[in-house]
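These are my notebook entries on a structure that I had not examined before. I record what I looked up, step by step.

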Amino acid sequence: MRDSDGEGAGSGLPRSHPSNLPLPAPHSDPNLQFSGTDDDFSNRHSSSSANGGASPGYYSDYPSSFSGECSPYNMSPWNQTMASPWSHHSEASGMGGAPAMAPGTSLIASLVREEGHIYSLAAKTDTLYTGSDSKNIRVWRKQKDSGGFKSSSGLVKAIVISGERIFTGHQDGKIRVWKVSPKNGLHKRVGSLPRLRDFLRGSLNPSNYVEVRKNRTALWIRHSDAVSCLSPTDGTQGLLYSGSWDRTFKVWRIGDSKCLESVVAHDDNVNAIVAAFDGLVFTGSADGTVKVWRRELQGKGTKHVAVQTLLKQEHAVNALAVSAVAPVLYCGSSDGLVNFWEGERHLVHGGVLRGHKKAVFCLAAAGALVLSGSADNTIFVWRRDGGVHSCLSVLTGHTEPIRCLAIVEDNKDNAAVPIDAVDNSFASGSSTRWIVYSGSLDKSIKVWRVSEDAPDALLHGPGAGDAPQMFDRYPGDPFGASSSSFR
């Protein structure tokens, strides 16, 4: 089984996933200017177009009562027995023509270079790295094409930045390490995980081999299938976590590139991993589970112990994210739902965020916001306020599924479109703004300016006329406080 984009062949019966479903009719996007495929790293076939306007398309037909129709099964896009409450949508929400985007939120640029589907993003200050199925990692600075660097592997499934190093996870099971040369500013590969000398030394000892599938063994320090996700710890701990389709996650010490531990974590692909607060690590898998692991230091190494299983379901888990301001874990899965759990030592299910019509492929969190990207081509912007979540905006414009998101704080250094040209609320300090990057199978990256502020109409609770209502719970919720974890 592969992750829910349907790549590769797996064993056993395939789990339903959105690649089996027809995609909605594409929306026209005047910012997409595709050109012929080209592997050289010049800028002549790249496109960066600014757009100060907002795209309409806010979905207004939210369920207005607690009923059985709100159960995860009935809300699933794979349940064909009933009509989805989101099967009809309009350009306005029914709230007197309220826009899809909150004030201060807008599409500011579309970045296009015909190099394949976009599968991974990482951003730091004014620099963006994008990975695709072309083997190229492209670099954008202030939304301008700034060249790139090329690996000898296939699809680039994950990119993270830790200190001065860039780590990329690849289809061939390797993790490559890159740094920017201080002399010429070009990116240079400085190693791979595991190091070649560790691989050669370990291969001489038969006890270093483990069974990865029937009648096949592999060295334990190396992933035997695609590296699907990466997550670094903070600088003081200096660790990097990698998750793979080989069902394991591995722990690497960044300082010397040594593999400290390999954990067989799930019964199917590991699709998401997050190194989080209080020594906890979260993993999500195509087997439909979300697990919590506690890191224990043992001498110069580590040992990870499973302490909770937060979710068991039929649908693949595709993405995880942790709130930047509270101990909250979010999980996006192929049923189109975003579940979340709260708590520091022992997590309790907090509820479900519903709105997407198809699988949730990616999540990103910053400040009080969490964003979810989906196979329905939309990005939902949610805000958590006192434990209650509200939908601030629905970002539309991509014409195919959204596979990855990255978010950085908005400031005048990383702005391609002058902030004052949009409005002056940022300069006055009246709101918190973020730059959001979204990568899609339509081969484009869109750049959004997102505000944490919201119009009152979108935040009204029950009884507020036609305003959409966000329910964190529903009757018969199997994740009540008494059953928030499965031992």
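In what order do the four strands of the open sheet lie, and is the pairing parallel or antiparallel? I note at the outset that the model is predicted. I found the order β3-β4-β5-β6, with antiparallel pairing. I then looked for the edges: β3 and β6 (144–150) each pair on one side only. I recorded an average twist of 20° from one strand to the next.

Entry on the pairing of β3 and β4. I found six bridges between these antiparallel strands. One pair I looked up is Leu 121, whose bridge partner in β4 is Thr 130.

Entry on the pairing of β4 and β5. Strand β4 (residues 127–132) is joined to strand β5 (residues 136–141) by five bridges, and the two run antiparallel. Here I noted that Leu 128 has Trp 140 in β5 as its bridge partner. Three residues lie between the strands of this hairpin, where Lys 135 takes a positive phi near 75°.

Is β4 largely enclosed or open to the outside? I found that six of its six residues are buried, so β4 is largely enclosed by the rest of the structure. I checked each face in turn. Thr 127, Tyr 129 and Gly 131 are buried on one side, and Leu 128, Thr 130 and Ser 132 are buried on the other.

Entry on Glu 115. I located Glu 115 in the loop between β2 (106–113) and β3 (118–124). Is Glu 115 buried or exposed? Its relative accessible area is 9%, so I record Glu 115 as buried, the cut-off being under 20%. Which side chains does it meet through polar contacts? I found Asn 136 at 3.2 Å and Arg 138 at 3.1 Å.

Entry on the nonpolar cores. The largest has 18 residues, and Leu 371, Leu 405 and Trp 448 have the most contacts inside it. Among the elements that give two or more residues to this core are β25 (360–366), β26 (369–374) and β29 (402–409). Another core, of 16 residues, lies apart from it and includes Val 290, Val 292, Leu 310 and Leu 311.

Finally, I looked up the surroundings of Leu 405. Leaving aside neighbours within four places in sequence, Leu 405 is in contact with residues including Leu 121, Leu 363, Leu 371, Ile 379 and Val 436.

How values were computed. Residues numbered from 1 in each chain as written. Predicted model: local features only at pLDDT ≥ 70, side-chain atom pairs only at ≥ 80, totals over all residues. Heavy atoms only, no water. Core = buried A, V, L, I, M, F, W, Y, C linked by side-chain atoms within 4.5 Å. Buried < 20%, exposed > 50% of the residue type's maximum accessible area, 1.4 Å probe, protein only. Contact = heavy atoms within 4.5 Å. Polar contact = N/O pair within 3.5 Å; in protein donor to acceptor, adjacent residues only side chain to side chain. Pairing = 2+ DSSP bridges. Axes fitted to C-alpha atoms, helices over the stretch in contact; angles between N-to-C directions.
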